[in-house]
Amino acid sequence: MYLWNTKALATELREGTLPERERMKYFLLFMTLLAVVTELPIYSPEPVSPALIATSVISIVGTAVGIYVTYRANRSGDDRDFIARSVCLTFPVGVRLVVASIGVYVAYMIVGSIIGGDPFDQFTEHMTWIDVAFICLLEIVFYWRLWHHFTWIARPHDAA
């Protein structure tokens, strides 16, 4: 893996000699760093709490583990086009998950407001352990769906 020698990396990319496993390492590093940078700004508007820290850790670790697991699914099949497949599948899988989670969240807020009233409203002002569990579940479902699609795409066509 080249960390400084961009000319050598560009040469391998141009010649098509950079193995899929090396490409995955760059993608994994980039996406994990992106997850870290994305999580940092959330600490400014809200007081730091153990639940808030837990969601950040889950997001960062979940991203790294999820990418690795989906890479393994791709590698166990045809071991081609991992990054292109990841980029293409992430959007529709993410959209479906967001739509489903909005439905669950709205139902949670309605039921919570009806049952809990004002104490529920105060409970939901800051990050709670229920939020942590929900975020963890979303992370697992997202990468499970990607894994499912990768195993289907990457398997030989005669097995489909």
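In this predicted model, helix α4 is the main contributor to the lining of the second largest pocket, giving seven residues. Both α4 and α6 supply two or more residues to the lining of that pocket. The residues that line the second largest pocket are Ser59, Thr90, Phe91, Gly94, Val95, Leu97, Val98, Ser101, Ile135, Leu138, Glu139 and Phe142.

The largest pocket has 18 lining residues, and those closest to its centre are Met31, Ala35, Thr63, Phe142 and Tyr143. Four helices each supply at least two residues of this lining: α2 (20–39), α3, α4 (82–116) and α6. The largest share comes from α2, with six residues.

| Pocket | Volume | Nonpolar lining residues | Polar lining residues | Charged lining residues |
|---|---|---|---|---|
| Second largest pocket | about 280 Å³ | seven nonpolar | four polar | one charged |

Two of the helices named above also pack against each other. Helix α3 spans residues 50–75 and helix α6 spans residues 129–154; their axes lie 9 Å apart and meet at an angle of about 10°. Angles under 35 degrees count as roughly parallel, so α3 and α6 are roughly parallel to each other. The contact of α3 with α6 is made up of 16 nonpolar residues, eight polar ones and one charged residue.

Note on methods: Residues are numbered from 1 along each chain as its sequence is written. This is a predicted model: local features need pLDDT of at least 70, side-chain atom pairs count only at pLDDT 80 or more; totals for chains, interfaces and linings use all residues. Side-chain values use heavy atoms; hydrogens and water are left out. Axes are lines fitted to C-alpha atoms, for helices over the stretch in contact, and angles run from 0 to 180 degrees between N-to-C directions. Angles under 35 degrees count as roughly parallel, over 145 as roughly antiparallel, 65 to 115 as roughly perpendicular and the rest as oblique. Ala, Val, Leu, Ile, Met, Phe, Trp, Tyr, Cys and Pro count as nonpolar, Asp, Glu, Lys and Arg as charged, and the others, Gly among them, as polar. On a 1 Å grid over the protein atoms alone, a cavity is a set of points where a 1.4 Å probe fits but cannot get out, and a pocket is an open set with protein on both sides within 12 Å along at least five of seven lines; lining residues have an atom within 4 Å of a point. Grid points are joined across faces, edges and corners, and a volume is the space filled by probe spheres set on the points.
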